Amino acid sequence: MTFYHLGNCLFLAYGPYFLTYKYFELSEYGAFWKCVQVGGMYLLTQLCKMLLLATFFPADLPSPAGISLLTEIFKSTMDFGDLFAISLVLRKISASGPIKVLIAGLGWSTADMVLTRVLPLWVGARGLQFDWKYIIMSLEANVVMVHHLAVTALVYLWSRTDSSSPHRPLLALLAVCSVYCPLLPAIYTAVLAGSAPTAFNMLLASSVPSLLLSAASLTLLVQQCPS
Amino acid sequence: MLWLSEDVVEFLRGGALLMAFLVVLSPLQARATSEFNVHRLQQFQLHSNSFGSLGSLVNVEAGTLSDGPMLRQCILAKLVDVTPEVYRLVSSQGAAAMVIILPSNMTALSAPVKMLVRQLEEAMLSTEVPMAVYLAQETPELAAIYQSVKDKTSSGASSAAANFLSSLASDGYQMVVSGAQSKPMLDVAVANVQGQLNGFGAEEKLPSIAIVAHYDAFGAAPELSFGADSNGSGVAALLEIARLLSRLYKSPHTHPHANLFFLLPGGGFLNYQGTKRFLDDMEGGDTNILGEGRPTFVLCLDALAATNSLQLHVSRPPKNGTLMHAFYQRLLEAGQELGVEVGLVHRKIDLADARQPWQHHLYSIKKLSAATLSALTSGDGDERGSITDTLSALNTTRLVLHTSVLHTALLRTIYNGAAGAVHHMLHDLPPALNVNSNSLSYWLSLLTSQARSTQLLQPAKSHPLVRALHEALLRFTVDVKLSVFKPDKRDPDFGFHDNTGGVMVAYSIKPASFDLLLSLIIAGYLGVVYLLLQQMPLIQNLVIQSSSIRVSNGKVKSKYH
């Protein structure tokens, strides 16, 4: 594989971000700088989460049996911090509802992608060895974008509804789901213990719940904010 | 407002389609990079001729022996498939590299196959090829790579389109050996180790017998040259005899009236460079036990366990009354008693020979009475210096027997005409003075615990093996000397290149056409995403309709679930 392959992967990973940004003409809202600010917030949140994790869940030595599910659940629980941070971000951005959600979600997921995927792609996809995992990683970036947009929409809806709204429990349920659905691949692996799932199966396992979640939150968004 | 929902829905669909496509297209085994050890073919110069493999760096695609083109490929081939003709063909087709896969168990090869392997080695070592040639032990990983490449090249696709499709479906491999191109080794040296046992009486007048066995080994790949029979067997026999006789020399009752001289020269496979140097030094005035004016006999040992019989190779038939004649008679006797057939092979010295077949020829040229004892019947064969010559392939029982014959014959020659207790002892050796198979096995395992090709025995003076030999002779003999020499700088008799082996990495790769196809698919995917974004208003309406249905009628489920 070559530099060309790296280009392919980056094209696949970033194309949808770029298209979304362009198509909704976010630049007209001066969204670029806001997106960067959201990215900074993302960075700060992750640092805080890491500090908390390191303090209260001291790194357990890697057990030979693999990652323990309980530790993973603890770690996922920390992701409620993300929801809190997103709600803060949403409060700071001054724009109409859906645009707000787009800016926050896009900024958040772009920061996620830059911080977690660019380096592995840069190091790995340029190598001589061909491996499907870099294509999968790029596809995952797309799924992650959808997931973060859905989560942002949920947080936005939560802040708009009052405690008496009939949608409140549903929103809470979806929020909890959104936090714990990254656990599904781990559970999938645990269930399939022995026969390692192929990389594409793992991608499916992580994308299907994200996609269902986003479909649900979008429906709710449409109901709440009919244009 | 509803752009967002549309966007997400589109992503879902596009992503699912793309994934389905990729799942169908690809064999989804994420194979890791595989690495394996490879041993490079010898690259050496002898008498200003170069032999072996010139190349050492590899960075080309893998291929197999096939009718197709081999240009700029790394040809993988199993040892049994490679004949000298195939080897020449691969080289002449312009292959960039060749990896010969050795079976994991070399000793299990049948005798005819071993003979073919030796012929191949002979062919590889007598020519010079520009490609890089490596030998590798078969591992499951390497076998899988070989099979995959073989399937790919032999798929026999009839049309260009079919070829293209099969190249997309199967993995290719890029074979890489990195590092520096092999360069001449500047400080190759050869060490000779010598020691002696002085007889009782006036040393200068006593008859002297020299026992010589070169300790180096040779083979297609330096790192695989363990040389158990050639010449591990000769060195082991020499050390065992030195050990046994040293006890007799220490006791005043059995102190023989003969000198014994032991020489372990290096460079035996380089046309006996060590011996040559030793003889040159001797002529140069080094006082030596083989000096003129007394009966002398030089006995070289080489490949003592190759066959069931022993041959004394001479360049002149032994004359009656000489030490060599006496030894030959004793050897015949001992052979008869122990049930080993002993023969005499006479071959005249051909000074025009670029390489002397036997070591004793060099002594004979210097007018010394010399012979080589070997189990081989001819010095021209390719039995000596092969990668098939390993300890597990050696018949140790046979070596013990042959060493016993040699030992008995030597004792009788040394104690020629002795009477009394000694005479009695000769015919009924106490067990402690007999050849001990444990001791022989110990020497053999010491020698074969490492590859002994000359360029690996560097630095010659402090190499563990040379030191071990030196210490062994120090223990058993006196006047032990370790001398090291280097080839002449301006007109070297021999030379080596470094890079005797390393790690080869096989990267699984896809052809460039695959990358192009991938680009097209990704572009298509992004195009679909763009189209969906453009169709937003339509989908927006759909969502509103469905949600209004849901609002008006709680029992209707959203179509998104």
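Author: B:Leu429 sits in the loop that runs between α11 (421-427) and α12 (437-448) of chain B. The model is a predicted one. With a relative accessibility of 16%, B:Leu429 counts as buried, because the cut-off for that word is under 20%. Setting aside the neighbours within four places in sequence, the contacts of B:Leu429 are B:His407, B:Leu411 and B:Asn434. The C-alpha atom of B:Leu429 is also 9.3 Å from that of B:Thr408, and these two residues are 21 apart along the chain.

Helix α8 covers residues 323-338 of chain B and helix α10 covers residues 396-414. Their axes are 8 Å apart and the packing angle is about 135 degrees. The two helices are therefore oblique to each other, and their crossing is right-handed.

Helix α4 (residues 80-92) of chain A packs on helix α7 (residues 133-160) of chain A at about 70 degrees, and their axes are 9 Å apart. These helices are therefore roughly perpendicular to each other. Their crossing is right-handed. From α4(A), the residues A:Leu83, A:Ile86, A:Ser87 and A:Leu90 meet A:Val151, A:Thr152, A:Val155 and A:Tyr156 of α7(A). This contact holds six nonpolar residues, two polar and no charged.

As for the rest of chain A, it has 10 helices and zero strands. Of its 227 residues, 51% count as buried. Among contacts in chain A with a separation of 6 or more, 80% are between residues 24 or more positions apart.

Back in chain B, there is also a group of aromatic rings. B:Phe44, B:Phe51, B:Phe218, B:Phe269 and B:Phe496 form one aromatic cluster. Over all chains, the count of aromatic pairs comes to 15. One of the pairs is B:Phe44 with B:Phe218, whose ring centres are 5.3 Å apart and whose planes are at 85 degrees, an edge-to-face arrangement. B:Phe44 belongs to strand β2 (residues 43-46) of chain B, while B:Phe218 belongs to the loop between β11 (208-212) and α6 (228-250), so the pair ties together parts that are 174 residues apart in sequence. B:Phe44 has a relative accessibility of 1% and therefore counts as buried. B:Phe218 has a relative accessibility of 8% and therefore counts as buried too.

Conventions: Residues numbered from 1 in each chain as written. Chains lettered and ligands numbered in written order. Predicted model: local features only at pLDDT ≥ 70, side-chain atom pairs only at ≥ 80, totals over all residues. Heavy atoms only, no water. Axes fitted to C-alpha atoms, helices over the stretch in contact; angles between N-to-C directions. Helix = DSSP H or I, 4+ residues; strand = E, 2+ residues; numbered from the N terminus. Parallel < 35°, antiparallel > 145°, perpendicular 65-115°, else oblique. Left-handed = near helix turned anticlockwise from the far one by under 90°. Phe/Tyr/Trp six-rings, centres within 6.5 Å; stacked < 30°, edge-to-face > 60°. Buried < 20%, exposed > 50% of the residue type's maximum accessible area, 1.4 Å probe, protein only. Contact = heavy atoms within 4.5 Å. Nonpolar A, V, L, I, M, F, W, Y, C, P; charged D, E, K, R; others polar.
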